[in-house]
Amino acid sequence: MTTPVPHGEPGAAARRGAPIRVLIADDQDMIRTGFRFFLDAQPDITVVAEARDGEEAVALARRERPDVCLLDIRMPKLDGLEATRLLAGPDVADPMRVVVVTTFDLDEYVYGALRGGACGFLLKDSGPTLLAEAVRAAAAGDSLVSPSVTVRLLKHVTAATAADTAPRPKPRAPSPAPSAPLREPLTERELDVVRLVALGRTNAEIAAELYVSLSTVKTHLSSVQLKLAARNRVEIAAWAWQNGHARAGA
């Protein structure tokens, strides 16, 4: 049995000098095995628990206090959205870092996960590299949302701006970053990065397109988040779309 380690604040694993401790919850054995195989192969990540349903996931997460919980949505007994609310919701005294990983690319799932406290939303076909990046981002207190989901969320953000008076049967998208004048303007290179984020590019794709290193992209994104007071790349991209720094056909 793994000895529980106090969860603490985001980034605690890195300061401990220990691997990021991950819980995987999915009702499919092959998915859990595949995720564990890849994540355990990473030098800075270790899988400490697996769950086959939502109830088991919540119980294991509360007992083991992993740094990051990877939750599927459609699970027996308790679905991933309710499990997310129980582990990371606004009423949780010591919320955990939850990344929802699912096959189902449905708007209500995206909104439900993010409103329920998830710090990431990833499609299972995003690939193992993005999965590890999402775990590291969550452990560091950041957010990662699948690029394809990011672009679609922005369509709802911009549509909501144009039709606020219309009835909306679906939940609203996460609030975009404020469009007030910036205290400090973005540099040209930061704007280049922002435009590509708005078009759904991953950090690796941005680095390749701009001929810079991955660490340089991350540095630019950190600076942009501070200047925009944005919580994650979804809000960065929303700011770009609302302020004319992105084109859907680009």
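**Salt bridges and a helix contact in a predicted model**

The count of salt bridges comes to 16, a salt bridge being a side-chain nitrogen of Lys or Arg within 4 Å of a carboxyl oxygen of Asp or Glu. This is a predicted model, in which local features need pLDDT of at least 70 and side-chain atom pairs count only at pLDDT 80 or more, while totals for chains, interfaces and linings use all residues. Residues are numbered from 1 along each chain as its sequence is written, and side-chain values use heavy atoms, with hydrogens and water left out.

**Salt bridges**

- R32 pairs with D29 in a salt bridge whose closest N and O atoms are 2.6 Å apart; the two residues are 3 residues apart in helix α2 (residues 29-40), and therefore about one helical turn separates them. Helices are DSSP runs (H or I, at least four residues), numbered from the N terminus.
- R32 is buried at 4% relative accessibility, whereas D29 is partly exposed at 47%. Buried means under 20% relative accessible area, exposed over 50%, and partly exposed in between (1.4 Å probe, protein chains only).
- R36 forms a salt bridge with D40, with 3.3 Å between the closest N and O atoms; both lie in helix α2, 4 residues apart. R36 is partly exposed at 28%, and D40 is partly exposed at 34%.
- E184 and K227 form a salt bridge with their closest N and O atoms 3.8 Å apart. E184 lies in the loop between α7 (147-162) and α8, and K227 in helix α10 (residues 214-228), so the pair ties together parts that are 43 residues apart in sequence.
- E184 is partly exposed at 47%, whereas K227 is buried at 17%.
- Salt bridges with shared partners join D29, R32, R36, D40 and E50 into one network.

**Helices α8 and α9**

- The axes of α8 (residues 188-198) and α9 (residues 203-210) come within 10 Å and cross at roughly 130 degrees. Axes are lines fitted to C-alpha atoms, for helices over the stretch in contact, and angles run from 0 to 180 degrees between N-to-C directions.
- The contact is made by R189, D192, V193, L196 and V197 of α8 and I206, E209 and L210 of α9, contact meaning heavy atoms within 4.5 Å.

**V194 in helix α8**

- V194 lies in helix α8 and is buried, with a relative accessible area of 0%.
- Beyond its neighbours within four places in sequence, V194 is in contact with L186, V224, I236, W239 and A240.
- The C-alpha atoms of V194 and H245 are separated by 7.8 Å, although these residues are 51 residues apart along the chain.
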